[in-house]
Amino acid sequence: MMLYPPMADLVEKVGSRYLLVNLVARRARKISLNAEENRESLDKKPVSTAIDEVYSGKLTLTREAAPETLD
């Protein structure tokens, strides 16, 4: 079974599988909540939409600076 887009390409865009899963899950939840609040039906599953957004470059990961620790 062939997956599209290839997992290797998605991981390459984000940096790791862990970050990819978290990014897609957060975006899919947001898509689902927005559709529910606006009472819209979705043509595609939220996870598929989020994966397509990562693959196309529309959804990217931004890294924040680590918070300073208090000694």
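Predicted model: local features only at pLDDT ≥ 70, side-chain atom pairs only at ≥ 80, totals over all residues.
Visitor: How are H2 and H3 oriented to each other?

Guide: Helices here are DSSP runs of H or I with at least four residues, numbered from the N terminus, and H2 covers residues 17-37. The axes of H2 and H3 (lines fitted to C-alpha atoms over the stretch in contact, with angles from 0 to 180 degrees between N-to-C directions) come within 8 Å and cross at roughly 125 degrees. The two helices are therefore oblique.

Visitor: Which residues of H3 make the contact with H2?

Guide: Contact means heavy atoms within 4.5 Å. On the H2 side the contact is made by Leu20, Leu23, Val24, Arg27, Ala28, Ile31 and Ser32. Their partners in H3 are Pro46, Val47, Thr49, Ala50, Ile51, Glu53 and Val54.

Visitor: How are H1 and H3 oriented to each other?

Guide: Asp9, Leu10, Lys13 and Val14 in H1 meet Ile51, Val54 and Tyr55 in H3. The axes of H1 and H3 come within 9 Å and cross at roughly 65 degrees. The two are therefore roughly perpendicular.

Visitor: What kind of aromatic pair do tyrosine 4 and tyrosine 55 form?

Guide: A search of the whole structure finds one aromatic pair. Rings of Phe, Tyr and Trp (its six-membered ring) pair if their centres lie within 6.5 Å, with planes under 30 degrees apart counted as stacked, over 60 as edge-to-face and the rest as tilted. The rings of tyrosine 4 and tyrosine 55 have centres 5.7 Å apart and planes at 70 degrees, so the pair is edge-to-face.

Visitor: How many residues apart in sequence are the parts that this pair ties together?

Guide: Tyrosine 4 lies in the segment before helix H1 (7-14), and tyrosine 55 lies in helix H3 (residues 46-56). The pair therefore ties together parts whose separation in sequence is 51 residues.

Visitor: Does tyrosine 55 count as buried, partly exposed or exposed?

Guide: Buried means under 20% relative accessible area, exposed over 50% and partly exposed in between (1.4 Å probe, protein chains only). Tyrosine 4, at 68%, counts as exposed. At 28% relative accessibility, tyrosine 55 counts as partly exposed.

Terms used
Residues numbered from 1 in each chain as written. Heavy atoms only, no water. Parallel < 35°, antiparallel > 145°, perpendicular 65-115°, else oblique.
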